[in-house]
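Good morning. I will take one model today and go from a single residue out to the whole chain. Please have a look at it before I start.

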Amino acid sequence: MKAKGNNLNRRNFISKSALFGAGIVASPIAFANEKNLPEKIEDSKSAFKTDKRMLGALEVSPIGLGCMSMKSGSYNPPRDAKDMIPVIRGAFDLGVTFFDTAEVYGPFTDEELVGEALQPIRDQAVIASKFGFELSTGSRGGRNSKPENIRSAVEGMLKRLRTDRIDLLYLHRLDPNVPIEDVAGTVKDLIKEGKALHFGLSEVSPTTIRKAHDEQPVAALQSEYSIIQRALENEVIDTCGELGIGFVPWGPVCRGFLGDKFNEHSRFSSDSRLSQVPYFTPEAIEAHMEVLTLVREWGRKKDATPAQIALAWVMAQKPFIVPIPGTTKLHHVKENQGALDISFTDAELKEFRADLEKIELVGVREPETALIDQ
Ligand SMILES: NC(=O)c1ccc[n+]([C@@H]2O[C@H](COP(=O)([O-])OP(=O)(O)OC[C@H]3O[C@@H](n4cnc5c(N)ncnc54)[C@H](OP(=O)(O)O)[C@@H]3O)[C@@H](O)[C@H]2O)c1
């Protein structure tokens, strides 16, 4: 397994799989019982990875860290800053320089956490955050990308992130009432003022990418993409390649599924965000166990864990792809960094895809949806 010198040896990994294989009910209650103490990094040198990838003109580590669920508790109960700061700083020690958050996560609490964690190493980190929702009441409202809302969002971000600039400022979701040119123009002004350094978009169509890019060069598009959720292969990733835009897959380990976290018996309580995910219905999970089996087989061939295969696979698709797996656990960060040691030949990628295409997926996005702003 590619987790050099870490505590996740094959025996631990097998016993971990067996635990989840026993059909744990994945609900916030189940997560609440997990021990979540960050591990010491005894071997950070051997696990440290320095290769870089480019998102437009922005240089980042080839794997980033998704910080969404840490304080917002999207997939787990909200964690304490004292437990999450060592995960973020530990990730940095392992070579991760690219950290992803958004004002809507919490709202605001994830940005506060990321700001606190990165303050001592601010100049060596790349911070990405996102605007695009009405949050003036302190809870999430509808979409709002009016120029004045973008500006006030950025002022709040700078305070919470304890910085004078946002390295990568994304539009989180398109506001149907504000032309994308106006959004891009506002970000262009913020870049001129030095409050943002690069412009990003999330979950938009190729048409919107092109319009935005004409007004202000786009460094990155962030949208859901994984071995299971492949709709974005319909024109979106190619548009990024054509325009020199980086692609940042969120959900690269399929929200834990490709990390071998669930099995065909997993069920989500109604208060879990995962209960609303169409590819996690009982029928869908059962169908996708075949994908997990395939990923495990590749794991055996490459001496890697399923999460490592999931990450290595997305990175192998294009050199401008930079996944941002989300995790609350330092040992998962370490494991995920091991994906950097895995490569696929063209023939292997072809074989993998041919097998993948034989599997009928359930509840995933249709390719046509990639052509529509989400
Ligand atoms: N632009 C958007 O609209 C958007 C939407 C959603 C998310 N995002 C961003 O993208 C990031 C990643 O997406 P995501 O969190 O939705 O999906 P993800 O990265 O595919 O999955 C996250 C889940 O996978 C688990 N996991 C991670 N590494 C693992 C490993 N090695 N083994 C087993 N389980 C593992 C984590 O659990 P543990 O905590 O137990 O490790 C977590 O619950 C987020 O943190 C957020 O910053 C953006």
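I start with glycine 56. Beyond its neighbours within four places in sequence, glycine 56 is in contact with His198, Pro217, Val218, Ala219, Ala220, Gly244, Ile245 and Gly246. Two residues are in contact if their C-beta atoms, placed from the backbone, lie within 7 Å. Two remarks on the source. This is a predicted model, where local features need pLDDT of at least 70, side-chain atom pairs count only at pLDDT 80 or more, and totals for chains, interfaces and linings use all residues. Residues are numbered from 1 along each chain as its sequence is written.

Where is glycine 56 found? Glycine 56 is in the loop between strand S1 (53-55) and strand S2 (58-60). Helices (H or I, at least four residues) and strands (E, at least two) are DSSP runs, numbered from the N terminus. Glycine 56 counts as buried because it has 21 C-beta neighbours inside 10 Å. The cut-offs, with C-beta atoms placed from the backbone, are these: buried means 20 or more other C-beta atoms within 10 Å of the residue's own, exposed means 12 or fewer, and partly exposed is in between. From C-alpha to C-alpha, glycine 56 and cysteine 240 are 9.3 Å apart in space, yet 184 residues apart in sequence.

Now the sheet. Seven strands form an open sheet with parallel pairing, in the order S3-S4-S5-S6-S7-S8-S9. Strand S3 (65-66) and strand S9 (246-250) are at the edges with a single partner strand each, so one side of each has no neighbour in the sheet. Two strands pair if DSSP finds at least two bridges between them. In general, strands of a sheet pair through backbone hydrogen bonds, either parallel or antiparallel.

Here are some of the pairs. Strand S5 (residues 126-131) and S6 run parallel, joined by four bridges, and alanine 128 has leucine 168 in S6 as its bridge partner. S6 and S7 also run parallel, with five bridges, and tyrosine 170 stands opposite glycine 200 in S7. Strand S8 (residues 218-224) pairs with S9 in the parallel sense over five bridges; there, leucine 221 has phenylalanine 247 in S9 as its bridge partner.

How many residues of S6 are buried? Six of the six are, so S6 is largely enclosed by the rest of the structure. S7 is mostly covered, with six of its seven residues buried.

Next, the helices. Helix H8 (residues 180-192) lies across strand S6 (166-171) and strand S7 (196-202), and runs at about 160 degrees to S7. Axes are lines fitted to C-alpha atoms, for helices over the stretch in contact, and angles run from 0 to 180 degrees between N-to-C directions. H8 also packs with helix H9 (residues 206-215) at an angle of about 40 degrees, their axes 8 Å apart. On the H8 side, Ile180, Glu181, Ala184, Gly185 and Lys188 meet Thr208, Lys211, Ala212 and Glu215 in H9.

Last, the whole protein. Its secondary structure comes to 14 helices and nine strands. Of its 374 residues, 49% count as buried. Among contacts between residues at least 6 apart in sequence, 79% join residues at least 24 apart. That is the end of my part.
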